[in-house]
Amino acid sequence: MKLSIKNSQGKSAGELEVKFALVEDGRGTQAVHDTVVAYQAAQRSGTASTKTMGEVAGSGKKPWRQKGTGRARAGSFASPLWRGGGVTFGPKPRSFAKKVNARTKQLALRKALSERLKAGDVIVVDDLKLASPRTKEFVGVISALELKGSTLVVAGADKNLTLASRNVPNVALATSETLNTYDVLRPDKLLFTRGAFEKLEARLAKD
């Protein structure tokens with residue numbers, strides 16, 4: 001499969017041969033599902049917490065004597081039946097992490113990228129160097145490439161690019177080293193620099 005390369009003005013700058021094998025048919029669909037579910041689960045903080053009867057503030061004094069008052073017997077101010085008392089079976093801090101092995105993650109990323117390539121959602125530019133960290137300059141590049149909707153820009157670490165893009169709505173940055181399956185699936189378009197795409201290819205070529 002060949003991809004056309006554009007320059008920052010949106011004009012043709014050659015072609016790029018995709019070197020990794022695209023995932024065909026239904027293979028990898030389950031891997032994508034498992035990887036995305038695990039990624040989203042890992043984003044959960046898992047910090048919800050309530051106090052048990054033994055943790056709420058208050059003394060251990062018996063509210064009133066056992067017999068003779070006409071009231072129901074009570075042994076603690078911390079009872080879950082009382083306002084301000086402990087919570088029965090309430091949430092405690094925990095991890096929602098799910099384990100997905102490396103080969104499954106690799107297959108999922110290849111599958112996701114294969115589908116985006118076949119759908120024509122991947123754009124490659126020869127380079128994306130900005131002369132200054134001005135947002136106007138970055139927006140000009142996005143307009144020249146006719147990118148609409150949400151866009152993920154995959155490029156090398158560049159301070160000007162980071163500063164120029166951070167206030168642009170629906171635009172996010174990533175590197176070829178940190179790119180994951182969820183990142184590939186989420187935006188409307190994927191914008192790669194040639195160098196970043198080649199690094200990702202090398203990453204996907206590994207067993």
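Reader: Why are helix α1 and helix α2 called roughly perpendicular to each other?

Author: In this predicted model, α1 (residues 29–42) and α2 (residues 102–118) pack at an angle of about 110 degrees, with their axes 8 Å apart. Angles under 35 degrees count as roughly parallel, over 145 as roughly antiparallel, 65 to 115 as roughly perpendicular and the rest as oblique; α1 and α2 are therefore roughly perpendicular. The axes are lines fitted to C-alpha atoms, for helices over the stretch in contact, and angles run from 0 to 180 degrees between N-to-C directions. Helices (H or I, at least four residues) and strands (E, at least two) are DSSP runs, numbered from the N terminus.

Reader: Which residues make the contact of α1 and α2?

Author: Contact means heavy atoms within 4.5 Å. T29, A31, V32 and T35 of α1 and T104, K105, L107, A108, K111 and A112 of α2 make it. By class, five are nonpolar, three polar and two charged. Here Ala, Val, Leu, Ile, Met, Phe, Trp, Tyr, Cys and Pro count as nonpolar, Asp, Glu, Lys and Arg as charged, and the others, Gly among them, as polar.

Reader: What makes α2 and α6 oblique to each other?

Author: α2 and α6 (residues 194–205) pack at an angle of about 135 degrees, with their axes 10 Å apart. That angle belongs to the remaining class, and α2 and α6 are therefore oblique. On the α2 side Q106, L109, R110, L113 and L117 meet F197, L200, R203 and L204 of α6. These residues divide into six nonpolar, one polar and two charged.

Reader: Why do β2 and β5 count as edges of the sheet?

Author: Six strands form an open sheet of mixed pairing in the order β2-β1-β3-β6-β4-β5. β2 (12–17) and β5 (171–174) each have a single partner strand, so one side of each is left without a neighbour in the sheet. Neighbouring strands are turned by 30 degrees against each other on average, direction ignored.

Reader: How many bridges join β3 to β6?

Author: Two strands pair if DSSP finds at least two bridges between them. Four bridges join β3 (residues 122–125) to β6 (residues 189–193), and these strands run parallel. One of the partners is T193 in β6, bridged to V125. α2 packs on the sheet, touching β1 (2–6), β3 and β6, and its direction makes about 100 degrees with that of β6.

Reader: On what basis are residues numbered and values computed?

Author: Residues are numbered from 1 along each chain as its sequence is written, and side-chain values use heavy atoms, with hydrogens and water left out. Local features need pLDDT of at least 70 and side-chain atom pairs count only at pLDDT 80 or more, whereas totals for chains, interfaces and linings use all residues.
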